[in-house]
Amino acid sequence: MELLGNDGAAEQIILRWDATASEDARVRMIFDGDRQEVNRYLEAVDQIQRSMDSTTLLDDDQSTKVNNAIQIAMARLEDEFRNILITNSTPIETESVAEAISSTRLTTRTNSSRSESPENDDCSNRGEDDAVSRDGSSSIPEGTERSATFVSCRSMTSIREQDLIPSESIADLRCIAERMFTAGYSRECVQVYGSVRKSVVDGSFKKLGVEKLSIGDIQRLEWDALNTKIGRWIRAAKVCVRVLFASEKKLCKQIFEDLGTAADDACFMETVKGPAIQLFNFVEAISISRRSPEKLFKILDLHDSLLDLLPDIDDVFDSKAAESIKTQATEILSRLAEAARGMLSEFEGAVLREPSRVPVPGGTIHPLTRYVMNYISLISDYKQTLGELIVSKPTTGSRYSDDSTTPDMDFTEHEGQPPLALHLIWIIAILQFNLEGKSKHYKDNSLAHLFIMNNVHYIVQKIKGSSELREMIGDQYLRTLTRIFRQAATNHQRATWVGVLRCLRDEGLHTTKTFSSAGVSKSSLRERFKSFNAIFDEVHRTQSLWLIPDEQLREELRISILETLIPAYRSFLGRFRNHIESGRHPENYIKYSVEDLETAVLDLFEGYAASQHSRRRSQPQHLHKVITLALVAG
């Protein structure tokens, strides 16, 4: 029996577009053609659906025909739904979107200058700023095109939704979805939607450089490769959460909202759950990987980026179906925080235990000192983030402990300073403790003191050179460090010049109990000049090879030496010159004039062998004036 009346006409329309029965129906798509044909087909589906809803009025034969017609119609609508999605499914232009997001005003949680490595003296970025303006002050530039697909964009806070599909196509998709859901084909509709849109999201991921890597793959990467991927992830995550996922959610609402119980949420998760897990698995793998100090700043970059994205993640994944994504992001953030705390602790231990025993030539700045100070300079750049993460004081040695492997430290004099500042002070304290140990490997005590002076002076200068680091360390501890390097300079001078100056005393030169020049022993005097020359020559020979890399400190120490040595030598020479010059071969004994001595002292601490009685031509010309003024003032 044929379907009667309108049902019969509706059946004919549906059968005409049965792709299994007609070659023409197989190659042509209804929604690509005349809108009247589209409307006729949709009306036919509605008519059959109404008949299906009233099957109690139909006999078995009619009921079978209605069911067959609805099955054919749903298969056809599924194909049409898929075709419309595929036709309009072009991945977003990730470059233009990423540039637009990057060009927004940044909510910096850190100093604007960051360094990639603490091995560098400068502190320029660790690259990318990781936060995006949350005030909605930027949008995608007008005129951005996605092939032939219409694109518009609006901002709600930091989320920037795009219209991924033209409005007329969305209307068609909505019409099809309504009929498939009404007929009980919601699962098929959602599956088609999810498979097509997921492939589009995958395409966008590929363009953003988000790779499909397992947690094991990520943890096996070399640090240099991982470092690059972290920077790429930070950039991609902003686009994924704020544009890609947000736009997919909007599209789901436009097509599926109110069609069933959380149908739009189901379609959204069908589309993005896999990609979202892939995106966050990358950070999760890093958060649980082996902790090493060099990773700290990239961990903080990831933490800041994820923390900044968290409100947007909550907005985008706000349904019950998406609860697992929000939970994963929150747990990863917690693990990143714990990793950062652990890495800072690892760094403190590494500084304390750094084992190198070979003295650096010339007592110059130890590589460990440079590395540590550049590292904590970077820490100060991240003071806001680390200040929130570091909430406890460092575990230090005690002055009442017998443990000689850890320095004593009493933080009572630093009351009121935040825990992060105390950790920085502690790191400097254990660095200084390690340097004291390394200084003991020098055979010459004078060089050991010079080594301490150079290194602690470098620490002081690095603190002074960073306003943020100086603020955190505090002037009180800075004064303590300044006293240490000045004391080391004094100790160096004493260890070096006491023996030299002892040669310039009168004791032992007189043959009578009076100190008149008439009672001078010429043989003793000649021996005294020879001793002075030998000791000074040795000091000049060795300490010319020693190095004070800081020019100002080098000049200050030379002037301090000259202020002590030159007056003593001039006085000694004035008292006893005639006794030597009246004898034979006076040049064998009076080897240095006062000017020669000044010139020789200026050879010291340059780090290379200097010819006696000569100065580097590149020596600053103003130094003679400085020395002269200092000596006159003395």
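Trainee: Which residues of H11 meet residues in H9?
Mentor: This is a predicted model, so what follows describes computed values. From the H9 side, the residues involved are Trp223, Asn227, Ile230, Trp233, Ile234, Ala237, Lys238, Val241, Arg242, Phe245, Ala246 and Lys249. On the H11 side, they meet Lys298, Asp301, Leu302, Ser305, Asp308, Leu309, Asp312, Ile313, Asp315 and Val316.

Trainee: Are H9 and H11 roughly parallel or roughly antiparallel?
Mentor: Their axes come within 11 Å and cross at roughly 10°. Angles under 35 degrees count as roughly parallel. H9 and H11 are therefore roughly parallel.

Trainee: Lys249 is in that list; is Lys249 buried or exposed?
Mentor: Lys249 sits in helix H9. Setting aside neighbours within four places in sequence, Lys249 is in contact with Phe268, Asp315, Val316 and Asp318. Its relative accessibility is 10%, and the cut-off for burial is under 20%. Lys249 therefore counts as buried.

Trainee: How are H7 and H9 oriented, roughly parallel or roughly antiparallel?
Mentor: Take helix H7 (residues 186-208) and helix H9 (residues 223-256): their axes come within 11 Å and cross at roughly 155°. The crossing of H7 past H9 is right-handed. An angle over 145 degrees counts as roughly antiparallel. H7 and H9 are therefore roughly antiparallel.

Trainee: Which H7 residues meet H9?
Mentor: On the H9 side, the partners include Arg232, Ala236, Val239, Cys240 and Leu244. Further along H9, Phe245, Glu248, Leu251, Cys252, Ile255 and Phe256 also take part. The H7 residues that meet them are Cys189, Tyr193, Arg197, Val201, Ser204, Phe205 and Leu208.

Trainee: How many residues apart in sequence are the parts tied together by Glu284 and Arg335?
Mentor: These two form a salt bridge whose closest N and O atoms are 2.9 Å apart. Glu284 lies in helix H10 (residues 263-287) and Arg335 in helix H12, so the pair ties together parts that are 51 residues apart in sequence.

Trainee: Which parts of the chain does the pair of Lys438 and Glu354 link?
Mentor: The side chains meet in a salt bridge at 2.5 Å, N to O. The two residues are 84 residues apart, so the pair links distant parts of the chain: Lys438 in helix H15, and Glu354 in the loop between H12 and H13.

Trainee: How far apart should the ends of H13 be, and what does the model show?
Mentor: Helix H13 (residues 367-381) has 15 residues. At 1.5 Å a residue, the helix should span 21 Å. The end C-alpha atoms agree with this, being apart by 21 Å.

Trainee: How many residues of H13 are buried, and what covers them?
Mentor: The cover includes helix H11 (296-316), helix H12 (323-353), helix H14 (383-389), helix H15 (419-439), helix H16 (445-464) and helix H17 (467-473). Among the buried residues are Leu368, Val372, Tyr375 and Ile379. H13 is mostly covered, and the number of buried residues is 12 of its 15.

Trainee: Last one: what separates the C-alpha atoms of Val594 and Leu573?
Mentor: Val594 lies in helix H21 (residues 594-601) and counts as buried at 12% relative accessibility. Not counting residues up to four places away in sequence, Val594 touches Ile566, Tyr569, Arg570 and Leu573. Val594 and Leu573 are 21 residues apart along the chain, and their C-alpha atoms are separated by 8.7 Å.

How values were computed: Residues are numbered from 1 along each chain as its sequence is written. This is a predicted model: local features need pLDDT of at least 70, side-chain atom pairs count only at pLDDT 80 or more; totals for chains, interfaces and linings use all residues. Side-chain values use heavy atoms; hydrogens and water are left out. Helices (H or I, at least four residues) and strands (E, at least two) are DSSP runs, numbered from the N terminus. The expected span of a helix is 1.5 Å times one less than its number of residues. Buried means under 20% relative accessible area, exposed over 50%, partly exposed in between (1.4 Å probe, protein chains only). Contact means heavy atoms within 4.5 Å. A salt bridge is a side-chain nitrogen of Lys or Arg within 4 Å of a carboxyl oxygen of Asp or Glu. Axes are lines fitted to C-alpha atoms, for helices over the stretch in contact, and angles run from 0 to 180 degrees between N-to-C directions. Angles under 35 degrees count as roughly parallel, over 145 as roughly antiparallel, 65 to 115 as roughly perpendicular and the rest as oblique. A crossing is left-handed if the near helix is turned anticlockwise from the far one by less than a right angle, and right-handed if clockwise.
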